[in-house]
Amino acid sequence: MFTQTAEVEIERPARYGKQLASHMGNKLKVEEIQGGWKLTFEIGEGTLIATDTHLVMTSAAENIDDLQKIQYALVKHLIKFASKLGELDITWK
């Protein structure tokens, strides 16, 4: 299993995490977990954990291609929802 995490500094991380989880819940299984949400994709999973200053996104999949697809979906929608905040620094490690 491949796993990577991105810690995104963002205003109101809980708000954006909830909005992202809610939106993704239209197509995926989403469950609330301690401090955030777990998203179950057909190809892997993602988690969204809100701290006071960051939205911590974790992606996990069996191969790099699927991992990158999950990351793309999370980043694409987060950027869309947070567009008024300007450019976000999102680096997966």
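Mentor: Happy to. One term to start with: strands here are DSSP runs of E, at least two residues long, numbered from the N terminus, and two strands pair if DSSP finds at least two bridges between them. Also keep in mind that this is a predicted model.

Trainee: How many bridges join strand 2 to strand 3, and are they parallel or antiparallel?

Mentor: Five bridges, and the strands run antiparallel.

Trainee: And what's in the turn of that hairpin?

Mentor: There are two residues between strand 2 and strand 3, and G35 in the turn has a positive phi of about 80°.

Trainee: Let's zoom out. How many helices and strands are there in the protein?

Mentor: Two helices and five strands. Along the sequence they come in the pattern β-α-β-β-β-β-α. The radius of gyration is 12 Å, close to the 12 Å from the globule rule for 93 residues, so the protein is as compact as a globular protein of that length.

Trainee: What box do the C-alpha atoms fill?

Mentor: Roughly 35 × 25 × 20 Å along the principal axes. As for burial, 41% of the 93 residues count as buried.

Trainee: New topic: helix 2. Is L78 buried or exposed?

Mentor: L78, which is in helix 2, is buried because its relative accessible area is 0%, under the 20% cut-off. Leaving out residues up to four places away in sequence, L78 touches V8, I10, Y16, L20, L55, M57, L88 and I90.

Trainee: How far is L78 from E42?

Mentor: They're 20 Å apart in space, C-alpha to C-alpha, and 36 residues apart in sequence.

Trainee: And H77, buried or exposed?

Mentor: H77 also lies in helix 2, residues 64-81. H77 is buried, with a relative accessible area of 14%. Setting aside neighbours within four places in sequence, H77 is in contact with L20, H23 and M24. L20 is also among the residues that L78 touches.

Terms used:
Residues numbered from 1 in each chain as written. Predicted model: local features only at pLDDT ≥ 70, side-chain atom pairs only at ≥ 80, totals over all residues. Heavy atoms only, no water. Helix = DSSP H or I, 4+ residues; strand = E, 2+ residues; numbered from the N terminus. Rg over C-alpha atoms; globule rule 2.2 N^0.38 Å. Buried < 20%, exposed > 50% of the residue type's maximum accessible area, 1.4 Å probe, protein only. Contact = heavy atoms within 4.5 Å.
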